[in-house]
Amino acid sequence: MPRRPALALLGVVAAALTFVACGGSPSADSGGETLAVVTKPLVIATTPIVGDLVSRVAGDRVAVETLMPPGADPHDFEPSAAQAARLRRAALIVENGLGLEQRLQPAIDAAEREGVPVLSLGELLDPLPLDESGDAHGHGADDDHAHSGETAVTDAALDPHVWLDPERMARAAMIVAAELARVTNADDATAATLRNDAQQYAAAALAAATTAEQLLAAIPEPRRILVTNHDALGYFANRFGLTVKGVIVPGGSTQAEPSAAEVADLVKVLRATRVPAIFTESTTSSRLPDTIARDAGGNVRVVVVTTDTLGRTGAADSTYAGLITELARRIADGLRST
Ligand SMILES: [Zn+2]
């Protein structure tokens with residue numbers, strides 16, 4: 001997986017940027033004058049979560065486009081030819097990075113080679129290694145199974161799901177504000193406004209963390225254990241005092257298949273820990289979680305949570321704060337039930 005030096009190209013190509021015409025069509029009641037066409041730098045975000053962050057920090061100072069629609073699996077999303085071409089005309093690309101956008105990455109790398117600056121947020125937010133919580137794949141002491149289908153991500157890889165820690169996203173907002181100021185050559189007043197908007201995003205993220213903490217406090221200590229479909233919840237668990245005991249899909253992505261031995265190990269983990277729920281994501285199939293829950297017997301429920309995208313406008317999880325509090329609410333409900 002490509003790892004680029006942080007911020008390496010930012011600011012280098014400011015003179016060659018594409019600007020997007022917005023508004024400015026001649027107005028019928030403007031007394032014959034043609035309004036000046038307002039041009040705005042084009043900033044392309046990868047996931048809805050990154051796009052929401054950039055939009056809230058940028059306001060209407062730039063034109064923000066988000067490549068992935070709500071509900072798309074970011075591990076699996078491939079751009080159209082038109083999107084790939086548009087990436088090459090951006091003033092700035094903001095990605096999560098750390099291998100999250102694995103099928104989109106070649107198009108981002110191609111744009112970067114042509115001089116488009118890429119802000120890769122994850123690597124700037126103290127990423128955690130995958131399997132931070134130790135026994136996350138449900139392996140026993142003999143952790144020697146080969147992961148079938150696991151190719152792109154090694155055991156030494158970093159966990160890309162940084163956004164599920166609100167403190168990290170609060171820091172991301174300030175990073176985005178600084179980069180937007182830089183690539184748009186913002187004056188001091190505009191840079192201050194960008195910082196102010198970033199602080200508002202950060203405050204909302206931290207308030208969501210407080211709400212999540214309160215919701216998750218209802219889970220008794222022995223039940224603060226997560227079994228998930230893919231390894232999305234490492235940062236969330238780390239932040240809120242939960243332990244990831246089992247993950248069905250190996251490798252930190254959604255793009256691998258567990259071996260039969262790994263599935264058998266997970267069933268053992270579910271039976272041994274008496275975990276009442278497997279959490280699976282709105283962006284993936286629940287076929288394997290359903291099968292494993294059935295094999296585990298008992299009353300293991302499969303609970304769908306939003307982790308890797310935002311919900312559509314109007315849904316409880318259509319904003320970042322809503323994503324965090326809704327995730328906490330569903331986990332608390334799932335782990336309290338018997
Ligand atoms: Zn994921």
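1. Leu53 touches Met169, Ala172, Ala173, Val176, Tyr201 and Tyr320, leaving aside residues up to four places away in sequence; here two residues are in contact if their C-beta atoms, placed from the backbone, lie within 7 Å. The model is a predicted one, in which local features need pLDDT of at least 70 and side-chain atom pairs count only at pLDDT 80 or more, while totals for chains, interfaces and linings use all residues. Residues are numbered from 1 along each chain as its sequence is written.

2. Ala173, one of the residues touched by Leu53, has its place in helix 4 (residues 166-183), where helices (H or I, at least four residues) and strands (E, at least two) are DSSP runs numbered from the N terminus. Ala173 counts as buried because it has 26 C-beta neighbours inside 10 Å; the term buried requires 20 or more other C-beta atoms within 10 Å of the residue's own, exposed means 12 or fewer, and partly exposed lies in between, with C-beta atoms placed from the backbone. Among the contacts of Ala173 are Val57, Ala198 and Tyr201, and the C-alpha atoms of Ala173 and Tyr201, 28 residues apart along the chain, are separated by 6.8 Å.

3. Strand 4 runs parallel to strand 5 (residues 118-120) and is joined to it by three bridges, pairing being assigned if DSSP finds at least two bridges between two strands.

4. The buried residues of helix 3 are Ala107, Ile108, Ala111 and Glu112. They lie on the same side of helix 3 because they cover an arc of only 140 degrees around the axis, the arc being that of the directions from the helix axis to the C-beta atoms. These buried residues pack against helix 2 (81-87), strand 4 and strand 5. After helix 3 comes Gly115, with a positive phi near 105 degrees.
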